[in-house]
Amino acid sequence: MDVSKYAALFLTESREHLSVCNQLLLEWEREPSATRQVGGLFRAIHTIKGMGATMGYTGVADLAHRLENLLDALRQRTVPPGPAVFQLLFRSVDALSASVEGAVVGAEPPSDLKLAEDLATAAAGIEAAARGGTSAVRARRNGGMAAEAGRVRPVQVALRRDALMRGARAALVVQRAESLGIVSALRPPLARFDSHDFDGRFSFRLASGASDEQVLDTLKGAGDVDAVRFEEDGVAATVGHSRQIRVDLGRLDALMKQVGELVVAKNRLGVIASAASDPALSEVSDRIARLVSGMQGEVIAARMTPVGEVLERFPRLVRDLARDLDKRIRFDVEGDEIELDRSILDEIGQPLLHLIRNAADHGIETPMQRAAAGKPEEGRILLSASRERNYVALRLSDDGRGVDREAILAKARREGVVEPGAAALSDDLLLRVLARPGFSTAEAVSGVSGRGVGVDVVVTRVRALGGTIEVRSELGRGTTFTIRVPLTLAIVRALLASAAGERYAVPLAYVAETVEFDPRSVTVLRDREALLVRDQVIPTVHLRELVRNQPRPAPPRAPTVILEIGDRRAALVVDALMGQQDIVVEPFDAPRGLPPFVGGATILADGSPALILDAAALV
Amino acid sequence: MANSKTLHAVIFRIGALICAAPAGIVREILPRLPATRIPGVAEAIEGLVNVRGTLLTVLDGHVLLQQARRAEDEGAIVLVEVGGRRYGLGVGQVLDFLEVPEQSVAERADLPGVDPRLVRAVGLRDDQHFILLDINRLFEPIIGA
């Protein structure tokens, strides 16, 4: 059987299992007396071993097997898991991860003999120390199950339709059932599992003292089990039936692109229909508009993924960083169920990684420094996700030393980043200084960060996603970065505005309201023109001045768009508003010197390109 | 038959200059399209055009080579690929697609009124000189890294 076409699926599944392993290890390390994690670890590694063997990745299967031996020994609880064992387990999971990634591209790393030896020694040590005990436990377990096997129940199993290696998977399910008791009346028989017409559904009778939940858990642990039914007297009890399939992300991307083009075509049709004043054309145009909107919503929903998928790798990372830096850091994640478009999620991981490394390296102090400052020795980093209107806010805060504004200001003055006379560094200015390419305040370049790359990369990436970033920092108390990204990248609802004969799109996610420019409400805020809107003083930006350097016309009643990001606002004065439109953010090769207020480009309903204004650069 | 010693080039006019771009980097010849200006960038950037649903940044060859636009030129866009990115070069008129033996173009860099750094070679076509442009050099100050 040619299994190479299943490599991508093997990779996805293995990554999921390895991610689970890391989570479980972190939990277990925090609470070594807990018993829940070792079972989960064993199941995950066992699944990888099975898949790896079927795919012919012997390195993966071999390493997983060795790891499994150690886990099995640990599962018997004959030796308490200690720091050395945890370190070995983390090391093995990393090695397995490298092996998995290498195997699918045909470059399995050579066996790590030292690791294999360490695993063998650890497992053998444990076995040698408790040889008698272990076999006694085994005998008791199997014997116990058999003795209690008073209840015989029929079991029907359906594997997921997209499960690969159905035969092997089914055999694994049966093997797991056998660990609970006695399996009989297997249909189809084991020999048929490998045949082409085996559809992944099979049944057997199980004599076991285990509860239905235990059986379900054990069987599902084999992976790819869609449903398990315990059928008695024709009454079906279906447990955990899932109606999900895996879809290649490339397909979703292609679908989204097509829908994006459909949206542009729909907009164009709308313009033609309203110009033609033909009722039949208008009707069909309206109908298409409704259908496209519905379809757009469905595709966006299908692409939504919980942010947890990206955040879940960070706890392990922080643990390793803390070890390397001799620091104690508690890392928590909140709101990991918040959903974001898959393509944004893929892009946001790297910027977050930079910020987390910075927080661990520069933010959190050593236990001694913290104690001296009257803080708990264990530093805290919190990464939280929350939904705010049409965007998602990701906040990374630490309770570390905070930014020394005086030091940064001095350096910024020396490098000419700020006016020599600048007396203080506001949060906005601080971010601008930190985001200068190559700007680093680290006295020594550490292995973790401080090479002067980081914040500038973060700001560039976040802005490329149509997002915004803010920083708040207090000396001695810590730093918080807030990244806001739109829920979806591809299609954005925008307000069209014109100035000096040019049209610009303003993403509606950042529009609080539109008002009329009233010259009587003009005031001054920190030497800048501002508008008084319902007792709030909002700085103005004249679009004409911004894009053409033309003098402000300041006509009375000019439409004014109030932009809002977090608690920052700006009043954008334009020549005219031209309604709303769904726009598709189109990539283009930006020339040098593109001003920060240009956030991207799009194609309007009449086919002409228009630039998208970046609200973050205006507020 | 073409061989490695044959130069393939697209010949076009920008103002009074007859120029050429190596055919290897030319992807398409487009008619002149209405461009959306990009504020704040170099004058040589004409703007963004919509090429069948894809946005293309167009550079104005007349500004780049300091040539006056001719009233009789219809205008055209030569779509080139530079460093993996696609850009349009706005020209006065596309004249020809040429195959010439490589020895018939001479490395010469001292043409009046043209920055010698932008000239890769000079060739002859219908008794007229043409400049084989160094497109990378021409675009580099504008499009960035």
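These legends describe close-up views of aromatic rings and of confidence in a predicted model.

Residues are numbered from 1 along each chain as its sequence is written. In this predicted model, local features need pLDDT of at least 70, and side-chain atom pairs count only at pLDDT 80 or more.

**View 1. Trp28(A) and Phe86(A) form an edge-to-face pair.** Rings of Phe, Tyr and Trp (its six-membered ring) pair if their centres lie within 6.5 Å; planes under 30 degrees apart are stacked, over 60 edge-to-face, the rest tilted. By this rule there are seven aromatic pairs over all chains. The centres of Trp28(A) and Phe86(A) are 5.3 Å apart and the planes stand at 90 degrees, so the pair is edge-to-face. Trp28(A) belongs to helix α1 (residues 7-30) and Phe86(A) to helix α4 (residues 83-104) of chain A, so the pair ties together parts 58 residues apart in sequence. Helices here are DSSP runs (H or I, at least four residues). Both Trp28(A) and Phe86(A) are buried, meaning under 20% relative accessible area (1.4 Å probe, protein chains only).

**View 2. Phe193(A) and Phe198(A) are stacked.** Their centres lie 4.8 Å apart, with 25 degrees between the planes. Phe193(A) is buried at 3% relative accessibility. Phe198(A) is buried at 5%. Ring pairs link Phe193(A), Phe198(A), Phe202(A) and Phe204(A) into a cluster.

**View 3. Arg75(A) lies over the face of Phe42(A).** The distance to the ring centre is 3.9 Å. The rule asks for NZ of Lys or CZ of Arg within 6 Å of the ring centre and within 35 degrees of the ring normal.

**View 4. Confidence in chain A.** Mean pLDDT (the predictor's confidence in each residue, from 0 to 100) is 82 for chain A. Over residues 126-149 of chain A, pLDDT stays under 50. Where pLDDT is low, the predicted coordinates should not be read in detail.

Terms used. Chains are lettered from A and ligands numbered from 1 in the order in which they are written. Side-chain values use heavy atoms; hydrogens and water are left out. Helices (H or I, at least four residues) and strands (E, at least two) are DSSP runs, numbered from the N terminus. Buried means under 20% relative accessible area, exposed over 50%, partly exposed in between (1.4 Å probe, protein chains only). Contact means heavy atoms within 4.5 Å.
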